[in-house]
Every structure is written in C-alpha cells, then in structure tokens.
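Visitor: Could you take me through this structure, please?

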Amino acid sequence: NNEFVIEYQPEISVGSGMVVGFEALLRWRHPERGLLGPDEFLPMAEASGLIVPIGEWVLQQACARARRWRDAGRPVVVAVNLSGTQFVHNNLLACVDQALARSGLEARYLDLETTEDVIMSADGATIGTLLALGQRGVQLTIDDFGTGCSNLSFLRQVPLSKLKIDRTLVGEISSDPGDAGIIPAIIAVARGLKLRVIAEGVETEAQLRFLREHGCDEYQGFYAGRGSAEPDLTRPHR
C-alpha cells in the first residue's frame, strides 16, 4: 500500500564534522497507528519471511537515493541493514547486483550492515557471500559491536570495512564513565584489523568528546541529527 518510508540518519566524520554517509532506517506509516518504528513490525517480518522482499525494496530505494545524491555532487555512502534471514536466502548477491545496476551506483558507496551475532554464526555459504560482496567493492560493517563475543582471528577472514559501537556502550560514557573503558579497547581492536569505527546513539557533547579523544572515526545519533526522508547533506555538524 506504499505505506513504508525510509528515513536517512546522518553519519558524521568526528574529525571534520561533515556528513560522510547516511543509514537507511525503515518506518511504517500506518493508516491507523501512525508512524511505526522497526521494533514494532520487523520481528513479524522476520518470522514470516517477509523481511526478504522488504529488504530488497529498501536496498533498491537506498541505492537509487545515493545515486541521486552523487548526481547532485554529494557522493556519500548509504548504509543498509541486513538480517540473518536475508543471508539464508541464496539470492542476496543477485539482489545487491540488481540494485547497483538499476541505480548506477558504484559499489563503494553501498555499506551493508549486519550484526556481530550473524557474522560469528556464519556458515560456509554466508562467508562465501561476504567474500563475494567484498570482491564487488561493497563496504561491510558489523553492527552492535561489543555486545557479543567475537573471535578476532575469525574476523580477519571476513572483508569488513567498519565496526559500529553499540549505543548501549555509548550511553555508558555519560552514565558510568568507568564502564565505558571497553570503547577504547574496541577502537584498538579495529585499528589492529585496519577497520574504521563508527559509534551510534551519540546524544551529548560529552559523548562526542570522549569518542574524539579516543580516535573514533565517525558517529551518528540525535546529537548529529535525527533521521529524515529528505536529509540535508550540506550542513556541517558539531
């Protein structure tokens, strides 16, 4: 019924304050209940298998939007979340190829995010898919990093581009700075793996200052800006 809408939340360079990318966030504009966040409908989509066609649609829309940004002179990366269910279906590579071909977007401007749990439980087929995506030039990010238990030697076998620090860890910067010590450790791990680091859920200047002091590359969250269907690419951030 054309009730889905995608909002794009900015990803900001810690060093320059400039927008370097956007994460595509799916919303459902329900005719009776109003605007619904993903937690209110994606679990059912996962359980029913509808997450696969929904994911395809999001991928196509996000790639087309990123191509329009590039044509407007602002080539920025668009990040799209993948669920574990999408990896189970063997058409993920074909869907990515089709979205890139239809939009004309270069693969390096697409960042596919999946969780630490999906990566660590990957079987041979999933690893093969990740390797093929890396060979195409698509960026790969581990979402929610720091909430699971990663085998670092295993991570070296996956063509990752970036680690995303989970918002719960970022929240501890303000609530209990002593418990935030895991963040510098994650950044050190990323450096050892030659990966960039982005922190999500940044809401305060103090959190951003902490991340800057410890060498985090990028951040996103309400402090940078909320998601918008028509985001502003030109305004520099804090």
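Predicted model: local features only at pLDDT ≥ 70, side-chain atom pairs only at ≥ 80, totals over all residues.

Visitor: What volume does the largest pocket have?

Guide: The volume of the largest pocket is about 1,000 Å³. Of its 39 lining residues, Glu23, Leu25, Pro38, Leu42 and Asn81 are the closest to its centre. A pocket here is an open set of points on a 1 Å grid over the protein atoms alone, where a 1.4 Å probe fits, with protein on both sides within 12 Å along at least five of seven lines; lining residues have an atom within 4 Å of a point. Volume is the space filled by probe spheres set on the points, which are joined across faces, edges and corners.

Visitor: Which strand or helix supplies the largest share of that lining?

Guide: Strand S2 does, with 5 residues; S2 spans 19-30. Helices (H or I, at least four residues) and strands (E, at least two) are DSSP runs numbered from the N terminus. The lining of the largest pocket divides into 13 nonpolar, 13 polar and 13 charged residues. Ala, Val, Leu, Ile, Met, Phe, Trp, Tyr, Cys and Pro count as nonpolar, Asp, Glu, Lys and Arg as charged, and the others, Gly among them, as polar.

Visitor: And how much space lies in the second largest pocket?

Guide: About 190 Å³. Its lining includes Asn1, Phe4, Trp28 and Met44, and divides into 7 nonpolar, 3 polar and 1 charged residues. Helix H1 gives the largest share of this lining, 3 residues.

Visitor: Changing topic: is Gln220 buried or exposed?

Guide: Gln220 counts as buried because its relative accessibility is 1%, where buried means under 20% relative accessible area, exposed over 50% and partly exposed in between (1.4 Å probe, protein chains only). Gln220 sits in the segment after strand S9 (218-219).

Visitor: With which side chain does the side chain of Gln220 make a polar contact?

Guide: The partner is the side chain of Glu23, at 2.8 Å. A polar contact is a pair of N or O atoms within 3.5 Å; within protein, one must be able to donate a hydrogen and the other to accept it, and residues adjacent in sequence count only if both atoms are side-chain atoms. Glu23 is also one of the residues closest to the centre of the largest pocket.

Visitor: What about Lys162?

Guide: Lys162 belongs to strand S7 (residues 162-165) and is buried, since its relative accessible area is 3%. Its side chain makes a polar contact with that of Glu218 (3.1 Å). Beyond four places in sequence, the residues in contact with Lys162 (heavy atoms within 4.5 Å) include Glu11, Asp111 and Arg196.

Visitor: Where is Glu7, and what does its side chain pair with?

Guide: Glu7 lies in strand S1, and its side chain makes a polar contact with the side chain of Arg27 (3.5 Å). Glu7 is buried, as its relative accessible area is 16%.

Visitor: Last one: which residues touch the most other members of the largest nonpolar core?

Guide: Leu59, Val96, Leu110, Leu112 and Ile165 do, in a core of 73 residues. Helix H2 gives the most to this core, 9 residues. Such a core is a set of buried Ala, Val, Leu, Ile, Met, Phe, Trp, Tyr and Cys residues joined through side-chain atoms within 4.5 Å.

Terms used:
Residues numbered from 1 in each chain as written. Heavy atoms only, no water.
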